[in-house]
Amino acid sequence: MNTKRLCILFIISSISVQAQILNLKFPYFAGKTYEFKIFQGEKEVILREDTIQKGGKVQLVIPKEYKGYKGMALWLLTNSKTGGGLSFILNNENFSVECLDSVPSIKSIVYKDTRENIFDKENYQQQQQLFEKHDAVLAMKKAYSPNTELYKLSSKEYETLLKEYETYSKLLSSSDLYAAKFRQIVNLTMGIGSVITLDEKDKSMNINDFMVDKLDYEVLYTSNHWSGLIKNWVQLQTVVFKNDDKLITDITTILSRIKSNKVYTEYVATLTKELSKAGKDNVIEFLKIVVIASKKLQNFDGPLSVYQLDLSSKAPDLIICKSAANDAKTKTISVLKTDNLQSKYSLLFFYESGCGYCEDAIADLKKNYIKLTSKDLKIITLSADKDETVYTRTIGEFPWSDNYCDFEGIKGVNFKNYGVLGTPTMFLLDGKGIIIKKIALIKELVTWSETLNE
């Protein structure tokens, strides 16, 4: 027997066993180019770019560095005027997908040898039918007067549907399939919780409780809904609940449930960015203790820099750039020592022109300018503007003269050194350049100034 041939066959067999292979057949897409990608938090990872060969057959192999990936994948057409593509679940299954129609639909796309994707397809149809029936019965209930027999019958049917949805939700929660957890995530993005209720307060509480106590964040990490769902949750907390104590408690609970250091790091980064946009720097300050104590952060890049910066003592010196926005090559740099600002106190005010919250704070600052400067407080503004004309127009309305901008936006060196993620952000310094406190509102600064001796 040819041992060399046997060895080659053994190697090929081993590769086919170890690698995850997907076979696609879409005859009407022959000649189209495509991208095959997966998702990790906010990142899209392109695994392959190629052209669909004659006959519409494509074989996709998951690279060994992503072996074991469980999550959503996207096979996206890139040179089609009408766009198009196919989302499916990867979970260590070798499977095939076929569509012989020129216009793919949920019925014409056929999966084989994949428990995950077959469940996802059938479950979606089941839920759609349930919601269609719900809407029809609810409309019937609203159409009749409460004292009629038809109203009573439709009300009884409606209650039955609510219980049916609760049973459906429990089955999703008890399933070990990624597809079941993915369905829960998709529902959350549409404002659908584990129960159906017409009471907006109850709906909000149900969605919040699910995200705090039950949502699998490792599944969310590979779902392609990472940023959107976290953003929606922060808005729910800050716009609907408006309770910072609850927000801090709920975040702490979520963090305690995330086991993977990688997912923990990505969650803190995305959450911190959204909290900063919502003006919740005070919440970030509370979270520093929890996040730093966890020792789970894998890096301190971008928004995570705030968990590494020590602003409890000497304030970083200010890097002053003296040139026009469009003349970066001749930009000259000097250093403004924060321990030599020649005033008893200083306010470092980070802002951006056109920012609504910034404009409100600037208006309050101008209104209280004389009162504050009478306490020997120097006002120093640092702008995130990138347009010199806009910047110049804005500072022209300021009664103070210490205004600086490097035209690099929020990525500028001073913003980075002070861990500023959003505007407005304010720091109060004493004459030695020691940070006394971080200010959220100008009225807070005014109240503080009133405690000073004349």
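## Basis of the description

Helices are DSSP runs of H or I with at least four residues, strands are runs of E with at least two, and both are numbered from the N terminus. The model is a predicted one, in which local features need pLDDT of at least 70, side-chain atom pairs count only at pLDDT 80 or more, and totals for chains, interfaces and linings use all residues. Residue numbers start from 1 along each chain as its sequence is written, and side-chain values use heavy atoms, with hydrogens and water left out.

M140 is located in helix α2 (residues 115–143). Its relative accessible area is 41%, so M140 is partly exposed; that class lies between buried (under 20%) and exposed (over 50%), with a 1.4 Å probe and protein chains only.

## Salt bridges

A salt bridge is counted when a side-chain nitrogen of Lys or Arg lies within 4 Å of a carboxyl oxygen of Asp or Glu. By this rule there are 20 salt bridges. One of them pairs K273 with E42, with 3.2 Å between the closest N and O atoms. This pair links distant parts of the chain, 231 residues apart: K273 belongs to helix α9 (residues 261–277), while E42 sits in the loop between β2 (33–40) and β3 (43–51). K273 is partly exposed at 31% relative accessibility, and E42 is partly exposed at 39%.

E285 takes part in a salt bridge with K288 at 3.1 Å, N to O. These two residues are three apart in helix α10 (residues 281–294), which means that about one helical turn separates them. K288 is buried, with 15% relative accessibility, whereas E285 is partly exposed at 34%. E285 also forms a salt bridge with K438, where the closest N and O atoms are 4.0 Å apart. Here too distant parts of the chain are linked, since K438 is in strand β15 (residues 435–439) and E285 in helix α10, 153 residues apart. K438 is partly exposed, at 28%. Through shared partners, salt bridges join D281, E285, K288 and K438 into one network.

## The five-stranded sheet

Strand β15 also belongs to an open sheet of five strands, in the order β13-β12-β11-β14-β15 and with mixed pairing. Its edge strands are β13 (402–405) and β15, each pairing on one side only; two strands pair if DSSP finds at least two bridges between them. Neighbouring strands are turned by 20 degrees against each other on average, direction ignored. Strand β14 (residues 425–430) runs antiparallel to β15 and is joined to it by four bridges. L429 has I435 of β15 as its bridge partner.

Helix α15 (residues 442–449) packs on the sheet and touches β11 (345–351), β12 (377–383), β14 and β15; its direction makes about 140 degrees with that of β15. Axes are lines fitted to C-alpha atoms, for helices over the stretch in contact, and angles run from 0 to 180 degrees between N-to-C directions. Contact means heavy atoms within 4.5 Å.

## A buried glutamine

Q184 lies in helix α4 (residues 178–189) and counts as buried at 12% relative accessibility. Apart from neighbours within four places in sequence, Q184 contacts S169, L172, S173 and F210.
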